[in-house]
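Have the structure open and follow along.

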Amino acid sequence: QLEQDAEKIRSLQAQIEEANRRAEIAETRTLEVAVHEKQRARIAAEEARAAAEAIRASEEAARRAADEDRRQLEQQQRQPPPPPLPPRTEQEPSLPPGVKGVREVFFATDRRALGDDVTFGNEASPQESISYGRVFVSIPERHEIGSLERPWQFLSIAFPEDAQHHIVITTRRLYSADEFFTGVGNAINVSPEKSAFVFVHGFNVSFDEAVLRTGQLAWDLKFKGPAVAFSWPSAHRTLGYVRDIDLADWTMPHLESFLRELRRRTGAHTVHLIAHSMGSRVMTRALERLAHFQDGGSTPHFQELVLAAPDINQTVFQQLAKSLQQTADRVTIYSSRRDIALWCSAFLRRENARVGAGIKPPFPNFDVIDATAVRSSLLGHSYFADSVNVLNDLALLLRERLGPDKRSVSLQLTQSLWTFRP
């Protein structure tokens, strides 16, 4: 019996030892887990502190950058404004004998430059870049309103220019874009009417002819603000009509960009637009682009839009009319049923008539002026610049901003159509 009791005691002791051993193992594992969790908590805390330090460092860097930007802005504001760029500092050339005056003409062109003497050919700029500059156009004493006096020319043979008898370019200068827009802005600011006009020529016109015509227009209109010529690369050939259509389409985005920059960088309150013949195609398409592609800003707006003998399909023009409404206060169309050039254009396209041969006003702020009765050149296509009646009417429109009902000195209402008085 004693041996059995001893065996039981030994068994109980073994069980107690095993239980103690297991308890020690469990305690050890618990300690290991606690230590591991403590280490993980410490690592997480260190990572959180590092992230907080990074955020504070980023905020401090941003604050320092903002302070530096503010300091630079305040420093710039304290500095006096830069002096105006050179365009308006130059004086007009002195008048030689036989010259009654000179007219300043700013120009922008996407034609290819020829050499270094500020001349441009009939090809497109290979970089699709716009060149800027300014010329002075002299007006002879013998000048008559509506005349663009030039030397006689037959084919490639031409007599030399004479400032006493012809409208000529006296000086030329290229400008950077900054100089150009500063010069136009300065000219607007010092003009009595605080206004400018942009002229876009039509088919079969050279660069020199474009700026000469702009100078003649500005002189005959007695326009006091700056006159700007935008010249696109017309082929300057009668047989280059189809080629000019392609180049007119090519130049549209350049004119759009130019008009946007002119509005943005000159601060002009009043800018009028004049386009002739195929130039009306370029102008209206550029304004359509301005109306539909705002480039993150508001649509540039202009005052009087004048389309003289526009070489545009009548159905296409109805489609363009809404865009023109958005970009101009008023649209004035000068048309003539005797415009032979436009009848030739319609014949080539197998159409009945172009807009410049007569169209009904599509919207209330569109005025159509019938110039069929006025005297003009043989083709009856340049009456906007060579008819005294049309020039006088155009002067009232641009300088006085008068509607056709207020221009009774030159217009009359005949069977619901504005026509020129005989």
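What covers the buried residues of α7? The cover includes α4 (241-266), judged by contact, that is, heavy atoms within 4.5 Å. Before going further, please note that this is a predicted model, in which local features need pLDDT of at least 70, side-chain atom pairs count only at pLDDT 80 or more, and totals for chains, interfaces and linings use all residues. Residues are numbered from 1 along each chain as its sequence is written, and side-chain values use heavy atoms, with hydrogens and water left out.

Helix α7 spans residues 340-348, and its buried residues are Leu-342, Ser-345 and Ala-346 (buried means under 20% relative accessible area, exposed over 50%, partly exposed in between, with a 1.4 Å probe and protein chains only). These residues cover an arc of only 95° around the axis, which puts them on the same side of α7; the arc is that of the directions from the helix axis to the C-beta atoms. Phe-347 and Leu-348, on the other side of α7, are exposed. Helices (H or I, at least four residues) and strands (E, at least two) are DSSP runs, numbered from the N terminus.

Strands β8 (residues 195-200) and β9 (residues 227-231) run parallel and are joined by four bridges, with Val-200 opposite Phe-230 in β9.

Technical notes: Two strands pair if DSSP finds at least two bridges between them.
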